[in-house]
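Try each task before you read its solution.

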Amino acid sequence: MADVAVDGTMSPLPPQPQLFQLDPIDTVEPWQQELVDCFQSLTVLIAGRSQVEVHEKLQQKASESMRSHAELVNGLIYGILTVPSESNNYFRLLNIVSRDGFGHAVGRLQQLITAHKFAQVQSEVRTQLFWVLSELVKISAHGVDQVLLALTRQVRSGDVAQGNVRLCRLMLQFMQTNYDWLMGFPVLVATTAYMFGRLVLDHSRITDLRAQECELVVRLLRERFNECSMVGRDLVRMLQDVAQIPIFHDFWHDMIYRPRSISPLFAGIEQLLRVPTPRMFLANRVTYDMESRLLFILEHLPATAFSRNLMWFVQRYLSTPESESLFSDLIRFIVGVVHPSNAVLASNVVPRYVFLGGLLRFIRSQVVAANAKLALFYDWLFYDPKVDNIMNIEPGVLIIMLSVDKYTFMTESFVEFLAYATDAYAPTHAVAVRMSVGQAMQDAVAKGVVVSIMPVYEHPRIEVTIRQSLYYLFPQLVPPVVLPPVPTDAELCEAGDVDSVDVGSTVTSDINDTLLLNSADTMPVAPTAEPTSNGLSLAKEPVVPVIAPQPVKKVQTAPVILDPVSRMFQEELGVTDADLAPETPADDTDIASDANDIIEIGSMPEDVALVTGSLPPPELTIEQALEDKSLWLFGSTLQTFVDCVSSAEPDVKQMGDLAKEIVDMFAQSEASVHSIACILLAGFTESLEMEDVEMSAELKAAGETDDALEHDFLHYLLAATSSYMREGESTGSTRRVQQLLLQLTAAKVDIGFRWLLYSVTI
């Protein structure tokens, strides 16, 4: 209904809900406006009446119909949440009018908690929410435990913002205050222990909160271990991450060496590892808002158009250093909870393994990369076809099999991790773990996830050591590795490779070092983990980074001769002459055999140096640049850009948007600057008209509208790079974009002129 003004007239606009901090562009959902309208009707109904009259009037209206009863409850719940000074009175009235054991009231609270915009709930409303839940606990209202289960999902992992920390404190205080009530709900006990156990790592700098969380989790584990054990194997993964904290270390030691002291029914850690984690626990560490965005991508977007949505998701939830702990929780959610239907699998919707490959590209820490790989393959290590779901194995199988052509190093990284984890994750159960991994792949082949793993085994880019690891893991699916025989010293002499071989020659030992193994019967041995008190440790893993390292040898360079404009460009960015030399790979044997082959920039003809500004980048074709292993993280973005450029009528704005996305991704990655420059230079074709920057600057100075400016591809490209050129800022991203601009200027000196003009007008 409309609002009542001071003079008794009706306001033309209805009152706005006070539950959320909404922006002007946000729309108010119908259920929120319904609560406001019911509260306004309630205030009119009880205004100016005595307490007895209010009771009679409310009883009469609540008995009229279920709709009238629901409207009264809606108004009272809204009043409790938004008017703290009257909350006691409104809750007393709620006790009077409730006809369904507070079922409708609990349902309204659940609707508020599961809202996608819960992060925008007013601080005062959150406080009142926990107050009314405490009051409902005191009167033993049915369904409060389900409300608390939903509320645990809204405490975000990897978020140390003030609002989320305060929500965590309120939740912790509620559980401590109502601990006896909590003991009556086994699922809530297990969820609480798992939730706070995962949050402990996020609060390392909030010592008081972390100490209380540790105390509550260990108390629940020791007093209610049978209930907590329903979490399954992910409980072990959670405890492993916090085992170095003293209070957890003692419990971890007891769980490994004295399991009966924890519970008479607990036979050992293997008992937990053999229990798959139920989906509700994996979903608990993903908020409802995150879940809706992930499901939209994985159920509706095609594989060619999901990159932008993934970028938005990462910027929203994974853009801070503290959010790195969320990567493994998201991977566990996608692997264990999001199981697409047959209709989705048969469509062009982005597969889970493609999305996971795109998600992994944003990982920057080797420790986080190791945890992410463990989350991806965790179910492999303890796979039992009788209880485990093949859909939990499918993403790992496909990311190994279908990455081998373009991203061979990813396939090798995952195989190496599996070979290491089978022996090092649980050393006392290494044989059983290796059998589980082999059984998982055999089931994947038997159920048609893949036809065979021989395409990976026989791929020419796969190293011999990786083939040996494949045979070590899956001896039933691949043959033994046959290595070429080691040539004898006499054979080497006859072949003319060496003039003479002494008894103490090192030739044979060098060949043995290269081949690594001399017998097809020799099995690769995983690196040995250092002994620990818990018997489970991945801390010593020689982690393979998500982005493959690309060591290169630089050629020797002489002083660079630059034209005046390029020299101004160089001085503006603070780049030295040494930075202008591209990272051109040099063959050791060629350099050692002929020192005259070393390229010297100073020896180039002066006219060439004046045109190029520096040594030109290595000659690359577009096809060669797209095959660069370091560009795997760009997904289909680069190919889309090239297709757009080569189309009959290029869309300059689309090219500009793609160029900005490429620059942003390049700035945050370790991709090759030469390959990216080669691809971006494809946009400067004769078919694209170049904007007159001087004319644009004059138009802008004259106060003309933006419509008078012609936006060509270069304008978009320079706009994308300008955000990384803030004065006084020197970061890794800034330096990488500077290198990219230098490479572009070296290829087209006009870019250097136009950057100077553009930087004046931005």
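## Exercise 1: Phe409

Phe409 sits in helix α25, residues 408–424. (Helices are DSSP runs of H or I with at least four residues, strands are runs of E with at least two, and both are numbered from the N terminus.) A word on ground rules: this is a predicted model, so local features need pLDDT of at least 70 and side-chain atom pairs count only at pLDDT 80 or more, while totals for chains, interfaces and linings use all residues. Residues are numbered from 1 along each chain as its sequence is written, and side-chain values use heavy atoms, with hydrogens and water left out.

**Solution.** 
- Step 1: Buried means under 20% relative accessible area, exposed means over 50%, and partly exposed is in between (1.4 Å probe, protein chains only).

## Exercise 2: the chain as a whole

**Task.** Find how many helices and strands the chain has, what share of the residues is buried, and how many disulfides there are.

**Solution.** 
- Step 1: count the elements. There are 42 helices and zero strands.
- Step 2: of the 762 residues in the chain, 50% are buried.
- Step 3: look at the contacts (heavy atoms within 4.5 Å). Take those between residues at least 6 apart in sequence, and 74% of them join residues at least 24 apart.
- Step 4: check for disulfides, meaning pairs of cysteine sulfur atoms within 2.5 Å. The count is zero.
- Step 5: Cys38 counts as buried because its relative accessibility is 9%, and Cys228 counts as buried at 1%.

## Exercise 3: helix pairs

**Task.** Describe how α1 packs with α5, and α18 with α20.

**Solution.** 
- Step 1: Two packed helices are described by the angle between their axes and the distance between the axes. Axes here are lines fitted to C-alpha atoms, for helices over the stretch in contact, and angles run from 0 to 180 degrees between N-to-C directions.
- Step 2: take α1 (residues 30–46) and α5 (residues 103–113). Their axes come within 11 Å and cross at roughly 135°.
- Step 3: name the arrangement. Angles under 35 degrees count as roughly parallel, over 145 as roughly antiparallel, 65 to 115 as roughly perpendicular and the rest as oblique. So α1 and α5 are oblique to each other.
- Step 4: list who touches whom. Trp31, Glu34 and Leu35 of α1 make the contact with Arg108, Gln111 and Leu112 of α5.
- Step 5: sort by class. Ala, Val, Leu, Ile, Met, Phe, Trp, Tyr, Cys and Pro count as nonpolar, Asp, Glu, Lys and Arg as charged, and the others, Gly among them, as polar. The contact of α1 with α5 has three nonpolar, one polar and two charged residues.
- Step 6: move to α18 (residues 288–300) and α20 (residues 326–336), which pack at about 55° with axes 12 Å apart. That makes this pair, α18 and α20, oblique too.
- Step 7: on the α18 side, Met290, Glu291, Leu294 and Leu298 meet Leu326, Leu330, Phe333 and Ile334 in α20. By class, the contact of α18 with α20 has seven nonpolar, no polar and one charged residue.
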